[in-house]
Amino acid sequence: MNWSWDHAYAVLPQLLKGLVITIEATIVASLIAYVLGLAIAILKMSKSKSMRVSLYWITEFIRRTPILVQLYVVFYVLPDFGIFLEAFTCGVIVLGVHFSTYTSEVFRAGIDNVSKGQWEAAKSLNYNPYQAWKYVILPQAIPPMIPPLANYLITMFKETPLLAFITVVELFRAADQYSNSYYTYLEPMTLVGVFFLLVSIPSAMIAMKLEKKFKPIKVAR
Amino acid sequence: MNEVLAFYPMLIDGTIVTIQLTVLGAIVALVISFIVGLSRISPYKSIRVAAIIYLEFFRGSSALVQMFFIYFVLPMWGIYFDAITAGVIACGCNVGAYGSEAVRGAVLAVDKDQHEASKALNYSNYEKYRYVIIPQAIPIMIPTFGNLLIELMKLTAVCSLITITDLTFVAQIIRVQTALTLEPFLVILVVYFIIASVLVKIVDLIAKKFSKGRNVMTAGDK
């Protein structure tokens with residue numbers, strides 16, 4: 001089968017619309033992942049052992065099961081309990097929660113990375129905990145976290161096609177719809193691949209620049 | 001719940017398919033990791049460039065898209081794979097790209113004086129990597145490989161979308177046949193969790209075996 005530019009041009013507007021949804025989903029999901037990840041990281045430092053242990057197993061359960069199945073669970077099961085969410089909302093929540101278990105490790109490593117002496121120094125300056133976090137700890141903890149967090153953003157971007165299977169018309173589903181109506185997989189699917197490469201390779205380059213600039217912490221994934 | 005468990009022969013078959021995909025995918029990924037990872041440090045520029053193109057291609061686009069490309073688009077060029085093969089190739093090639101970075105990083109992490117020592121022993125380039133560098137690099141790779149193995153296992157769920165009857169596919173069948181939603185997915189989530197936990201344990205044991213008597217750093221260390 002040969003490449004047909006007619007199909008390629010015809011599918012392009014739909015794909016661009018899909019790309020916008022894909023990027024929206026990535027941004028919303030990453031915001032959830034960052035905020036929730038920070039919350040998990042802080043809660044995992046809690047003094048209560050039962051809290052730490054239960055959080056450990058909850059995050060491990062989320063990390064060790066496939067996103068696709070988690071998407072199905074939220075999408076198909078919640079309506080049984082009378083909770084009706086839009087497919088897009090379901091998708092970004094699942095993606096965000098899934099990756100918050102990864103970003104929490106970044107936050108934890110970043111905070112651990114600040115040496116104990118800094119806390120003592122803040123104390124000796126008579127800073128209260130708020131001042132200590134704001135002026136001493138976070139300014140040192142955040143820059144090394146930026147590269148790994150940026151990498152997770154790219155990873156999330158590449159996981160968004162899974163939302164297609166809970167009916168979100170993002171880039172991948174837009175192509176699939178076209179393929180199904182015109183019986184041509186070659187052009188739409190190739191273009192989807194090209195779009196992914198076009199977005200993620202430059203993003204990966206930016207992430208690499210960030211790594212050079214900030215000297216990232218090493219996180220065991 | 002009993003209605004779902006009545007489907008246990010299917011669930012067991014699905015579990016076996018998922019484990020098969022994981023094991024075969026892991027073998028493909030491991031081979032590719034070493035080939036691509038070592039190509040990245042080859043003295044020949046053409047080989048290095050080819051490895052980078054492979055890496056960027058498979059890391060840059062989504063695994064799902066790669067899988068659909070292999071299963072639905074390649075047949076249009078006359079290249080046919082059955083679903084399992086397509087799934088294994090897609091999972092293996094995708095995870096192999098990430099694994100190659102682990103191989104490269106670990107090989108580069110071996111101290112410079114080890115290279116000098118091999119030179120002092122008059123080892124050829126092949127002997128140097130075979131007997132000195134790679135044996136020391138492997139313990140460094142293992143924790144990363146362990147994490148990638150879990151990612152690979154999770155990726156196999158996507159294979160259900162190209163008609164492979166793995167656990168996820170079985171859960172969908174049960175959902176349609178029984179009109180239950182929570183139970184089938186709950187069952188397979190637990191099965192996935194158990195498989196992953198067993199894999200984590202196995203990798204821990206391998207890591208212990210390889211680091212015996214050696215003072216090695218792990219990927220988490222500085």
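Helices here are DSSP runs of H or I with at least four residues, numbered from the N terminus. Step on to Asn122(B), which follows helix 6 of chain B and has a positive phi near 60°.

This is a predicted model, in which local features need pLDDT of at least 70 and side-chain atom pairs count only at pLDDT 80 or more, while totals for chains, interfaces and linings use all residues. Residues are numbered from 1 along each chain as its sequence is written, and chains are lettered from A in the order in which they are written.

Now colour chain B by pLDDT, the predictor's confidence in each residue, from 0 to 100. The chain B average is 89, and 95% of the residues score at least 70. Over residues 218-222 of chain B the pLDDT stays under 50. Where pLDDT is low, the predicted coordinates should not be read in detail. For the model as a whole, the scores are ipTM 0.85 and pTM 0.87.

Next, select helix 8 of chain B, whose 12 residues reach 16 Å from first C-alpha to last, close to the 16 Å expected at 1.5 Å times one less than the number of residues. Its buried residues include Leu167(B), Phe169(B) and Ile174(B), and among the elements covering the buried residues are helix 3 (67-77) of chain A and helix 9 of chain B. Just after helix 8 of chain B, Ala179(B) takes a positive phi of about 60°.

Show both chains together: 33 residues of chain B are in contact with 32 residues of chain A, contact meaning that the C-beta atoms, placed from the backbone, lie within 7 Å. On the side of chain B that touches chain A, the largest share, eight residues, comes from helix 9 of chain B.

Finish in chain A with helix 6 (residues 129-159), which spans only 38 Å between its end C-alpha atoms, whereas a straight helix of 31 residues would span 45 Å. At Ile137(A), shortly before the proline Pro139(A), this helix has a kink of about 50°, the bend being the angle between axes fitted to the seven residues ending there and the seven starting there.

Notes:
Contact = placed C-beta atoms within 7 Å. Helix = DSSP H or I, 4+ residues; strand = E, 2+ residues; numbered from the N terminus. Buried ≥ 20, exposed ≤ 12 C-beta atoms within 10 Å, placed from the backbone.
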